[in-house]
Amino acid sequence: FATIVAASVVGEFQDIIAQLSILAVLMPIVASMGGTTGQQTLAVVVRSLATKELNSRNALRMIGKEFMVGLCNGLLFAVMIGIAVRIWFPGQEMISYIIALAMLCNLTVASLAGILIPLTINRLKIDPAIASGVFLIACTDSGGYFIFLGLAKLLLF
């Protein structure tokens with residue numbers, strides 16, 4: 001299901017990918033980094049739920065903390081990938097800005113998803129260690145593709 005959703009998102013942008021193939025080369029970077037970020041947050045949250053360190057009293061504080069971590073990681077990796085793309089594809093400055101902005105957005109969203117998904121699943125009395133990963137990957141993959149390709153369509157076409 002998660003891969004079908006991601007493929008559907010990419011399919012909606014096939015016209016711009018056909019016009020600018022560099023997008024196909026770069027879009028897995030955004031989705032992969034989002035997935036990695038989200039999985040890290042997910043691991044911390046599931047452990048905190050299992051050890052009872054995370055509860056309704058401190059959940060809002062932890063959501064804020066994970067948001068800030070995602071934002072900081074997003075800024076750091078946005079700068080790094082923006083520079084790398086500028087070196088890798090000279091003359092494609094706008095693409096380097098687009099992927100940097102997409103990284104910032106997707107890593108921030110991935111951090112939030114990494115905490116909100118297991119909290120929601122736990123609240124539904126389902127084990128978040130079992131069920132959270134699939135929802136997270138669906139969110140970060142399709143979200144990463146949508147953010148990157150959407151920004152490219154908005155800013156380039």
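**Stop one: the nonpolar patch**

Select Met94, Tyr97, Leu154, Leu155, Leu156 and Phe157: together they make a nonpolar surface patch of about 590 Å². Keep in mind that this is a predicted model. Helix 5 and helix 6 (128-156) are the elements that give two or more residues to the patch, and helix 6 has the largest share, with three residues.

Now zoom in on methionine 94, which sits in helix 5. Its relative accessibility is 35%, so methionine 94 counts as partly exposed.

**Stop two: helix 4**

Next, pick residues 59-88, the 30 residues of helix 4. How far apart are its end C-alpha atoms? They are 41 Å apart, which agrees with the 44 Å that helix 4 should span at 1.5 Å a residue.

Colour the buried residues of helix 4: Ala59, Met62, Ile63, Glu66, Gly70, Gly74, Ala78, Ile81, Gly82 and Val85. As you look along them, recall that an α-helix has 3.6 residues a turn, so residues three or four places apart point the same way. To see what covers the buried residues of helix 4, show helix 3 (22-50) and helix 5 (93-123), which are among the covering elements.

**Stop three: the cysteines**

Taking a disulfide as two cysteine sulfur atoms within 2.5 Å, the count comes to zero. Select cysteine 105: the nearest cysteine sulfur belongs to cysteine 139 and is 13 Å away. That is too far for a bond.

Definitions and conventions. Residues numbered from 1 in each chain as written. Predicted model: local features only at pLDDT ≥ 70, side-chain atom pairs only at ≥ 80, totals over all residues. Heavy atoms only, no water. Helix = DSSP H or I, 4+ residues; strand = E, 2+ residues; numbered from the N terminus. Expected span 1.5 Å × (residues − 1). Buried < 20%, exposed > 50% of the residue type's maximum accessible area, 1.4 Å probe, protein only. Contact = heavy atoms within 4.5 Å. Patch = residues over 30% accessible without salt bridge, like charges linked within 9 Å, V, L, I, M, F, W, Y side chains within 5 Å. Areas by Shrake-Rupley, 256 points an atom, 1.4 Å probe, with all protein chains shown as cover. Salt bridge = Lys/Arg side-chain N within 4 Å of Asp/Glu carboxyl O.
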